[in-house]
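Points are grouped by topic.

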Amino acid sequence: MAIAKRGVPATPSPTFEYAPAPEATDHVRIASKYDLFVGGRFVRAHSRRRFATVNPATEETLSEVAEADEVDVDRAVTAAADAFRSWSALPAARRARYVFRISRLIQERARELAVVETLDGGKPIKESRDVDVPLAAAHFFYYAGWADKLEWAFPNRRPRPLGVAGQVIPWNFPLLMLAWKVAPALAAGNTVVLKPAETTPLTAMLFADVCQQAELPPGVVNIVTGAGETGALVVGHPAVRKVAFTGSTEVGKLIQRQLAGTGKRLTLELGGKAANVVFDDAPLDQAVEGIVNGIYFNQGHVCCAGSRLLVQESIAGPLLEKLKRRLTTLRVGDPLDKNTDVGAINSRQQLDRIEALVRSGVDEGAELYQPECALPERGWWFRPTLFTNVAQSSRIAREEIFGPVLSVLTFRTPDEAVEKANNTPYGLSAGVWTEKGSRILWMAERMRAGVVWANTYNRFDPTSPFGGYKESGFGREGGLHGLAPYVELA
Ligand code: NDP
């Protein structure tokens, strides 16, 4: 919108311009250094080593975080094993009270957590504020409700906690992934050693503070920061009884090999290359919003992103026209601005990976479309991107790009749609857009995907299980199914 300055009439402008709407950061205090959270206290790392965590939108260092070595991980697991004895023996209703308290504290500190998530990870504040943090609180709330009802969750069985859970999480939804893992583990009576991702450790550090505020007994939650080696130490520690990992398929396979024969329980939530299928009877404007949400939400750093658009050939023309027009309205830039739709790419390394895959798409003959938009000079950014003329065999149709890049393919019949949707080593999620309920059910039955969204995309709820088939991993998180990996059923 053009604004009149000092009485000079504004020239009518065809484009709507937004005034900046930055979220304040003065209510947030990020410490210059963070230690490890072990046995209910922040303790200096034995390694004495630290690494920087950086704001991807400015490339400025936010804080220095401890790097846990073998001794540190052993101390954390020992603290968790000691705490397990009393935590698992607590009356379940008292355990529930602690988990409820954590949920309430996340709600109370929501604004601070959202800002720190956005500063550390690069995602738009409207997403961390409206999705990540409320959902993290909702997971604790939901699982608190189960803590004293485990006999009802598993009728005619006697559920018992397993012991220490070793949990390794990625950088795309740091607090939410923490909640997915910690909440069911605690509710079922286990204790936890958690390793956050190297590029996004800060909300986990705030969560440690939340645990102290909730007066959670020492050692029930322990947080060890570090790189992949620290993750491997957590996973490999002999006193860890259950491992939960979310991240790349490559590392998931390594962990599966590492744990073979140890008897440890394992759940893996890995990569994806989901098909978002649009039939010719779908409401196109609604579908366009779902496609945009499916792939550009969180810069496409989403394991269940709808990264392959399968569109019925007869409507490909009008749909793509609408979609391209919609892309020109996406606002890329300062993640702290409340009007930003696409924030910063999480790391230089991830940006390099996205750029390499996009180059491969061009080299393999696909047609690239990117809207004109100015990108900030500092930080790591990538324009919302769309490829047409994509062959099923090309890398951009097969590999997880984990960035704001959509590959468009077409189909003629429902059978062809199913065949193309399933033509991937992954099987995490899928979307269907059609006005026919029977077709939704027909497709959902045939698509090999753990989650199928109908006429919507990227909707999450703590009561609903989430997880994959094939190279997307195994085991479910969320809902009743998410409790099962944390109990032994006598
Ligand atoms: P990783 O799988 O390497 O990272 C996930 C988590 O595992 C991080 O905490 C990481 O630590 C840790 N880790 C790394 N190596 C090991 C190991 N050997 N044993 C135990 N833990 C380990 O993913 P990247 O961050 O390297 O991303 C690479 C690609 O993976 C992305 O481009 C994307 O395609 C995919 N990915 C998929 C995710 C999903 O949810 N499906 C999530 C993240 C990435 P550290 O942070 O220090 O590396």
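**Confidence and overall layout**

The model is predicted; the protein chain has an average pLDDT of 96, and 97% of the residues score at least 70. Where pLDDT is low, the predicted coordinates should not be read in detail.

**Domains and their interface**

- The protein chain splits into domain 1 (33-270 + 470-488) and domain 2 (275-454).
- Their C-alpha centres are 30 Å apart, and the contact involves 30 residues of domain 1 and 32 residues of domain 2.
- About 2600 Å² is buried between domain 1 and domain 2, with 57% of it on carbon and sulfur atoms.
- On the domain 1 side, E59, W171 and K470 lose the most area to domain 2, together accounting for 22% of what that side buries.
- The interface of domain 1 and domain 2 contains 1 salt bridge by the rule used.
- K126 and D341 form a salt bridge, with 2.5 Å between the closest N and O atoms.

**The seven-stranded sheet**

- The strand order in this open sheet of 7 strands is β14-β15-β16-β13-β12-β17-β18, and the pairing is mixed.
- At the edges, β14 (367-369) and β18 (451-454) each pair on one side only.
- Ignoring direction, neighbouring strands are turned by 20° against each other on average.
- Strands β12 (residues 275-278) and β17 (residues 429-433) run parallel and are joined by 4 bridges; V278 stands opposite W433 in β17.

**Helices on the sheet**

- Helix α12 (residues 348-363) packs on the sheet and touches β14, β15 (385-388) and β16 (405-411), its direction making about 25° with that of β15.
- Helix α14 (residues 414-421) lies across β12, β13 (308-312) and β16, at about 170° to β13.

Key
Residues numbered from 1 in each chain as written. Predicted model: local features only at pLDDT ≥ 70, side-chain atom pairs only at ≥ 80, totals over all residues. Heavy atoms only, no water. Pairing = 2+ DSSP bridges. Helix = DSSP H or I, 4+ residues; strand = E, 2+ residues; numbered from the N terminus. Axes fitted to C-alpha atoms, helices over the stretch in contact; angles between N-to-C directions. Contact = heavy atoms within 4.5 Å. pLDDT = per-residue confidence, 0-100. Domains from an automatic or database assignment. Buried area = accessible area lost by both parts, 1.4 Å probe. Salt bridge = Lys/Arg side-chain N within 4 Å of Asp/Glu carboxyl O.
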